[in-house]
Amino acid sequence: MRTIGMLGGMSWESTAEYYRLANVLVRERLGGVHSARVLLDSLDFADVETLQSTDRWEEAGALLADRAQRLERAGAELLLLCTNTMHKVVDVVEAAVKVPVLHIADAAAERVRHAGLGRVGLLGTAFTMEQDFYRERLARHGIEVLVPGADDRATVHRVIYDELVRGIVSETSRSAYADVIGRLVADGAEGIVLGCTEIELLVSADDSPVPVFATTRIHVETTVERALARTD
């Protein structure tokens with residue numbers, strides 16, 4: 001089993017799920033008391049959120065690249081960013097290390113294509129929904145991406161930063177997300193990509209009339225497969 005390097009803390013609420021899932025999946029695959037070989041570097045999300053909100057993405061990329069190099073030096077053989085939004089700077093991270101960095105949108109796109117779907121709705125932070133770094137990555141796989149309208153985008157973003165990253169899971173917000181999903185489906189979405197690692201703490205398949213692609217779980221499943229296969 002290769003050692004997985006997790007660059008987390010963005011937020012720790014979803015990073016905890018990354019760690020849990022990696023260990024559950026390895027135990028399921030190998031049996032007994034097996035667990036995942038993981039190196040975890042958890043950033044202070046307040047620092048990252050400040051860089052996001054002030055549009056200091058170059059600094060954010062340098063920060064994540066430095067921490068990725070530390071994980072590599074510590075022995076990580078695969079790296080993953082435990083976040084969707086910060087894949088905006090994944091190219092900087094990839095350039096800083098020699099080990100593979102597994103892109104969350106590539107993993108999600110593979111599942112969407114495997115399901116036979118070609119058009120999905122995307123939920124995430126405003127950065128992920130409104131900028132092109134994530135949508136274009138999905139488009140490379142032949143997937144058309146729909147995003148919510150402006151008011152719905154604001155709602156989705158607010159819930160992430162005001163509630164989910166703080167550990168608040170509200171039935172009111174779950175209902176609001178279900179309404180947003182319903183409007184995306186009415187616009188033609190065949191599936192919904194939960195393009196923020198915290199959203200699946202709130203939303204499940206039961207909240208959508210079409211398939212839901214939970215990127216945290218998909219990212220971890222893909223990583224564990226690679227770690228156990230020991231191939232690139």
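Reply: Two strands pair if DSSP finds at least two bridges between them. Strands (E, at least two residues) and helices (H or I, at least four residues) are DSSP runs, numbered from the N terminus. This is a predicted model, in which local features need pLDDT of at least 70, side-chain atom pairs count only at pLDDT 80 or more, and totals for chains, interfaces and linings use all residues. Residues are numbered from 1 along each chain as its sequence is written, and side-chain values use heavy atoms, with hydrogens and water left out.

In strand 3, L79 stands opposite G5. Strand 1 also pairs with strand 2 (residues 38-42), in the parallel sense and over five bridges. There, V38 is the bridge partner of I4. Between strand 1 and strand 2 the chain passes through helix 1 (residues 12-30), and this β-α-β crossover is right-handed: with the strands pointing away from the viewer, the path from the first strand over the helix to the second runs clockwise.

In a regular strand the side chains alternate between the two faces of the sheet. Both faces of strand 1 are covered, with I4, M6 and G8 buried on one side and G5 and L7 buried on the other. Buried means under 20% relative accessible area, exposed over 50% and partly exposed in between (1.4 Å probe, protein chains only).
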